[in-house]
Amino acid sequence: MKKIIIFLGLVFWPLGLYLTNQTNKLWVYFSPALLILASFFLYKKKSKFYPLPIILIPLVDSKLALFPVICAALLIFTHKNHSLKFKAIFIFISLLILFIVRKQFISQSIFKLEYESKQKILREINLYPNPLFARIYQNKAKIISDKMIGNLLALIDPGNYFFSFHPREGILVNKNLIKYPFLAIIPFFLSFIGIKMVKHKRFFILILVSGILSLTFIEIFDESDFILWLPLAYFYLNGWKKLSLNKNKLSTYLFYLLFLLNSIIELSRIFFVYK
Amino acid sequence: MSKKLKLTILVSSIILAIITRFYKLGEAPKGLYLDEAGQGYSAYSILKTGKDEFGKAFPIVFRSFTDFKTPVYIYLIVPLIPIFGLTKFTVRFPSFLFSILTLPFLYLLLKKITPKKYKESIPLLTIFLLAISPWHILFGRTNFECNVALFFLISGIYFFHKGLSKPKNLIISAILLAIAIPSYHAQRLVTPLMVLILFIRHKKNLLSNRYLKPLILGGVIALLISIPTLSVATTPGFLARARGLNIFSADKHTPSGTLNQLPDSIKPIANNKIFLISKEFVSLYISYFSPRNMFLLGDYGPRSSFPELSTFFIWQLPFYLLGLYKIIKDKNLKELRYFTLAMLLISPLPAAVTHDPYSSIRSLQMVIPLLIIIGLGLISFWERLRKKLSKIAFLIFLFLSIIHSFGKLYSSIIILNEYHRANEWDYGWEEVAQTIKNLEPNIPIIVDTARHGPYIELLFFLKYDPRRFQNDNFEVSPSEYYTKMTRRDNWNLGNIKIRPINWEYDTIKQQYLIGDRLAISDGQIQEHNLKLVKEIYYPNGIIAFKIVKTNPN
């Protein structure tokens, strides 16, 4: 039963993505996740070439051009055992690829300012008693920082992953895909609380943080956020592992049962929601 | 930390709290929302006649539009009217006063429950954070009952903890907690649960001989205070709010997420009500812990938020996450940890059973544990800084963030809110009332009711004689006050009739017509040859109201 439950939890996000996209677009969203998986296998085998698949990601989805750059930058501080030469090559190639795809990236990023946002700022400025005060609270940089903060907070919002944001929140620019059954929040919580015990946590935290930060710079991160599927799935699996260690077997089995029933209902709904 | 420094920080925090809440109190927001006007006029009516505007003597819950209001706030306004008059300032003053009074009691409570290591830092930091909290400031400047209720809850819990060493204080605690319950709807759930949790935590002490006598006495007094509330607890009026809003009343609302156009065979599974309602409840509950709601979106309600200002400042986010980790992990925090986690987990419950996502009014009590957590995060971060230079850099960052936060408060509350949300605060009625006073007294006035309930605004700003209103506008007998839920749809205030304008009949005799820009359009003015007496504008230049005179000839 446990294996079925775990599978049910893992299948929601890819299934939603599959049902809402045409095949040619699917490739763009699935392949970065596959490249991260390849990178993980190399990391697990202690190969020093493990960042190589990560570097290739922007060539598949230019929106994710910052992902390897951030990954390389974080690596400098987090993986002190890697040589300086290794880090320098990683960051150099990442920046080179960012330079190559820069035009496609900027056109899809938060740095592209819309006319109406700029006009709004100009209108608001007139409301303030003095120009300095107005400039501090109403300026063009605010348009970018607001979008950035909005994206970052959406990406760390549990509601995004377990409730498609709020149930009554309208689907606007995002598809608000159903990513996990809502009861999966419990294994996730357990996993993050006991993060010190998680195996290969360095790699997955690196991917998770780089993923979240790079998605923060995208105008619409929806669907490209599938790069988070693998690290999140890993934490999800660890949460179940932790849950199965619970000494009170009855409550654990009851939770399994409840999770199974809920997941079946939610899964049945996915087919009709995305029909 | 020296005593002098502690006192300076405490007093400065309180002064800051007073400045942020008292500055332009009664002037910003410039409008007066109809609920505020309703509470003010109910208090005025009680003061003048001993009855509310419906003729009910000293109600236990106050009839108000389509629901009922808790009584404590309204009775607190009554003695203020002879001092300040019936003004916007008066109806908002209890919110201000009790939001300030919450600070010293919270300080004393935290002093009692914080372990020695943080005994000075946590209480002072939390008080400071509360003083500049956008969430607490919003409800300290406007007429909302939740802030008064929070004061009674916090002071009650403080006296409870004081009672653990001096049992007589348990009586004061019982009185304050008993007042908290009828102070605001959400406290009907939060206060009893907090009392239960505190009792479970300290039951060994409380059930010993030393505490039993004051505990029983306190319980009896609390029961006596609660008797009026309990006597109407099963009436439709008392339950109106809870029934109308809660997600479990599936007979009234279709559960969120219900899918239409499903095959009949799949409907019972995919649209299973237990599943949908429980998912919505968990989602609503979790939304109160979401950084996205706390630091960016805030409350979606235009009167329970200010533009571009959430419930917390964005610079507090990393300290919230750090503090949350610390409060969950660090068992050495003992009573502080227990209180914070208990209040954190209980506080969103009344809000999570209602449909609105992230209702900051119903969950206001949550501001306390969240600020404790942010304070804890700040201290934890400070403790991790080893080098002097990084400590100085952190202090500079904090100083600049706080300065920026003050500017943000001014920008949102005083500038943007007035400009963008004046209509949400029912701006314009004060000027309408002033204009009415100057109109020819022998010509009747029709005030249109198409979009809002203007009668209460006019009653408030005209300071209309409550006795006369009660006599001319019978709506419900005192015996049916809590049970009859129907309403009248027109009102008479002397020569002012408040009802929808009838364009066929109202233009054939000479009278004044008052309505918003949709009720009296330019086309109607032309078509009926009306004379424009006055236009009243919102601060953003859009017409709020038009006052016209008919021209039957």
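**Entry 1: ground rules**

I count helices (H or I, at least four residues) and strands (E, at least two) as DSSP runs, numbered from the N terminus. The expected span of a helix is 1.5 Å times one less than its number of residues.

I am working with a predicted model, in which local features need pLDDT of at least 70, side-chain atom pairs count only at pLDDT 80 or more, and totals for chains, interfaces and linings use all residues. Residues are numbered from 1 along each chain as its sequence is written, while chains are lettered from A and ligands numbered from 1 in the order in which they are written.

I checked confidence next. The model scores ipTM 0.90 and pTM 0.92. pLDDT is the predictor's confidence in each residue, from 0 to 100; its mean over chain B is 93, and 99% of the residues of chain B reach 70 or more.

**Entry 2: helix α12 of chain B**

I looked up α12(B), residues 209-231, which has 23 residues. From its first C-alpha to its last it reaches 32 Å, close to the 33 Å expected.

Then I looked for a bend, taken as the angle between axes fitted to the seven residues ending at a position and the seven starting there. I found a kink of about 40° at Ile225(B), shortly before the proline Pro228(B).

For burial I use C-beta atoms placed from the backbone: a residue is buried if 20 or more others lie within 10 Å of its own, exposed if 12 or fewer, and partly exposed in between. Pro214(B), Leu215(B), Gly218(B) and Ala222(B) are buried in α12(B). Their cover includes α9 (169-183) and α11 (203-206) of chain B. A handy reminder for reading such lists: an α-helix has 3.6 residues a turn, so residues three or four places apart point the same way.

**Entry 3: chain B as a whole**

I noted 25 helices and eight strands in chain B. Its radius of gyration (over C-alpha atoms) is 26 Å, and the globule rule is 2.2 Å times the number of residues to the power 0.38. That rule gives 24 Å for 553 residues, so chain B is as compact as a globular protein of that length. The C-alpha trace spans about 85 × 65 × 55 Å along its principal axes.

Of the 553 residues of chain B, 47% count as buried. I call two residues in contact if their C-beta atoms, placed from the backbone, lie within 7 Å. Among contacts in chain B between residues at least 6 apart in sequence, 74% join residues at least 24 apart.

**Entry 4: chain A as a whole**

I noted 14 helices and zero strands here. The C-alpha atoms of chain A fill a box of roughly 65 × 50 × 40 Å along the principal axes. Buried residues make up 35% of its 275 residues. Of the contacts in chain A with a separation of 6 or more, 71% are between residues 24 or more positions apart.

**Entry 5: where the chains meet**

I counted 26 residues from chain A and 29 residues from chain B in the contact. The elements giving two or more residues to the chain A side are α8 (131-137), α9 (140-155), α10 (158-162) and α14 (249-273). The largest share, six residues, comes from α14(A). Counting Ala, Val, Leu, Ile, Met, Phe, Trp, Tyr, Cys and Pro as nonpolar, Asp, Glu, Lys and Arg as charged, and the others, Gly among them, as polar, I get 17 nonpolar, five polar and four charged residues on that side.

I followed up on α14(A). Its 25 residues should span 36 Å, and its end C-alpha atoms are 35 Å apart, which agrees. Phe259(A), Ser263(A), Glu266(A) and Arg269(A) are buried in this helix. The buried residues of α14(A) pack against α1 (2-20) of chain A together with α14 (267-270) of chain B.

Most residues other than glycine have a negative phi, and most peptide bonds are trans. I therefore kept a list of exceptions.

- A cis peptide bond joins Ala28(B) and Pro29(B), with omega about 0°. Pro29(B) is in the loop between α1 (3-22) and α2 (34-49) of chain B.
- His200(A) is not a glycine, yet has a positive phi of about 55°. I place it in the loop between α11 (185-193) and α12 of chain A. His200(A) is partly exposed, with 13 other C-beta atoms within 10 Å.
- Gln261(B) also has a positive phi of about 55° without being a glycine. Its loop runs between α13 (236-245) and α14 of chain B. Gln261(B) counts as exposed, with 6 C-beta neighbours inside 10 Å.
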